[in-house]
Amino acid sequence: MTAGITLPHATTAEHELAALQREHGRPLFALLLRLSDGDRQRAEDLVQETLVRAWQHPEALRADSFDSVRPWLLTVARRLAIDARRARQARPAEVGDAVLENAPACADHAERAAAALDVREAVKTLTPEHREVLVLVYFQGASVAEAATALGIPPGTVKSRAYYALRALRRVLPGYAADLR
């Protein structure tokens with residue numbers, strides 16, 4: 001905020017505006033900082049907008065019906081803060097470029113379908129024992145204990161077959177190796 005700056009060729013209205021900012025700028029800023037959830041830049045912008053409104057309505061500043069213009073300024077500032085909050089809530093949140101660069105790229109439907117076909121073909125190359133463990137644990141979501149019970153083998157065998165099945169898939173699907181870890 002540039003309070004108290006007087007220009008050598010400033011008009012009377014500019015002097016009055018500078019005086020308003022000197023006298024009421026801090027209380028306006030304190031109110032708007034609270035209403036802006038601590039966002040100093042937004043609070044400063046709203047102080048400036050409040051003073052512009054005061055400059056646009058000099059009749060409100062010279063009204064004899066009240067002793068001080070501060071209540072009028074605080075009311076205008078509060079309404080501006082409410083309008084700004086509503087405007088922010090009415091439009092989608094802005095995202096910076098960094099967020100978009102780090103966002104995971106979603107593969108299109110054709111790529112997912114091709115990957116599914118590749119995985120199906122690769123699973124067919126596994127031994128039947130490895131395939132049934134892989135299908136139970138990874139595709140049907142069974143726990144190791146559930147797969148062991150269903151197959152009638154010890155849980156340790158389920159774990160080792162799953163390990164070796166994934167290892168075999170990594171060899172068959174080298175481009176998908178990162179997805180199989």
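**A working chat on the model**

Tutor: Let us begin with tyrosine 164, which is partly exposed, with a relative accessible area of 43%. Please keep in mind that this is a predicted model.

Student: How many aromatic pairs does the structure hold?

Tutor: The structure holds one aromatic pair. The ring centres of tyrosine 163 and tyrosine 164 lie 5.0 Å apart and the ring planes meet at 80°, so the pair is edge-to-face.

Student: And tyrosine 163, what is its relative accessible area?

Tutor: For tyrosine 163 the relative accessible area is 46%, and this residue is partly exposed.

Student: Let us step back. How many helices and strands are there in the protein?

Tutor: The protein has nine helices and zero strands. Along the sequence the pattern reads α-α-α-α-α-α-α-α-α.

Student: What share of the residues is buried?

Tutor: Of the 181 residues in the protein, 24% are buried. The protein exposes about 12,600 Å², and 55% of that area comes from carbon and sulfur atoms.

Student: What about contacts between residues at least 24 apart?

Tutor: Taking the contacts between residues at least 6 apart in sequence, 52% join residues at least 24 apart.

Student: Now helix 9. Which of its residues are buried?

Tutor: In helix 9 the buried residues are Val158, Ala162, Ala165, Leu166, Ala168 and Leu169. They cover an arc of only 160° around the axis, which puts them on the same side of helix 9.

Student: Why would residues three or four places apart point the same way?

Tutor: An α-helix has 3.6 residues a turn, so residues with that spacing point the same way.

Student: What covers the buried residues of helix 9?

Tutor: The cover includes helix 6 (109-124), helix 7 (128-139) and helix 8 (144-151). On the face of helix 9 turned away from its buried side are the exposed residues Lys159 and Arg171.

Student: What span should helix 9 have?

Tutor: At 1.5 Å a residue, the 18 residues of helix 9 (residues 155-172) should span 26 Å. The end C-alpha atoms of helix 9 are 26 Å apart, which agrees.

Student: Moving to the core: how many residues does the largest nonpolar core have?

Tutor: The largest nonpolar core has 16 residues, and those with the most contacts inside it are Leu20, Leu28, Leu32, Val47 and Leu73. The elements that give two or more residues to this core are helix 1, helix 2 and helix 4 (70-90). In soluble globular proteins, nonpolar side chains tend to be buried together.

Student: Take leucine 28, then. Is it buried or exposed?

Tutor: Leucine 28 lies in helix 1 and, at 1% relative accessibility, counts as buried. Not counting residues up to four places away in sequence, leucine 28 touches Val47, Thr50, Leu51, Leu73, Leu74 and Ala77. Leucine 28 and valine 47 are 19 residues apart in sequence, and their C-alpha atoms are 6.3 Å apart in space.

Student: Which residues are buried in helix 2?

Tutor: Ala43, Leu46, Val47, Thr50, Leu51 and Ala54 are buried in helix 2. Seen down the axis, the buried residues of helix 2 fall within an arc of 140°, so they line one face of the helix. Helix 2 has 17 residues and reaches 24 Å from its first C-alpha to its last, close to the 24 Å expected at 1.5 Å a residue.

Student: What lies in the loop between helix 1 and helix 2?

Tutor: Serine 36 is one of the residues in that loop, and at 3% relative accessibility serine 36 counts as buried. Leaving aside neighbours within four places in sequence, serine 36 is in contact with Arg42, Ala43 and Leu46.

Student: And aspartate 37, is it buried or exposed?

Tutor: Aspartate 37, found in the loop between helix 1 (12-35) and helix 2 (40-56), is exposed, with a relative accessible area of 59%. Phi of aspartate 37 is near 55°, a positive value in a residue other than glycine. Most residues other than glycine have a negative phi.

Student: Last one: what does arginine 85 touch?

Tutor: Arginine 85, in helix 4, touches Leu35 and Asp37, not counting residues up to four places away in sequence. Arginine 85 and leucine 35 are 50 residues apart in sequence and 8.9 Å apart in space, C-alpha to C-alpha. At 29% relative accessibility, arginine 85 counts as partly exposed.

Note on methods. Residues are numbered from 1 along each chain as its sequence is written. This is a predicted model: local features need pLDDT of at least 70, side-chain atom pairs count only at pLDDT 80 or more; totals for chains, interfaces and linings use all residues. Side-chain values use heavy atoms; hydrogens and water are left out. Helices (H or I, at least four residues) and strands (E, at least two) are DSSP runs, numbered from the N terminus. Buried means under 20% relative accessible area, exposed over 50%, partly exposed in between (1.4 Å probe, protein chains only). Contact means heavy atoms within 4.5 Å. Accessible areas come from the Shrake-Rupley method with a 1.4 Å probe; for residues, only the protein chains shown count as cover. Rings of Phe, Tyr and Trp (its six-membered ring) pair if their centres lie within 6.5 Å; planes under 30 degrees apart count as stacked, over 60 as edge-to-face and the rest as tilted. The expected span of a helix is 1.5 Å times one less than its number of residues. The arc is that of the directions from the helix axis to the C-beta atoms. A nonpolar core is a set of buried Ala, Val, Leu, Ile, Met, Phe, Trp, Tyr and Cys residues joined through side-chain atoms within 4.5 Å.
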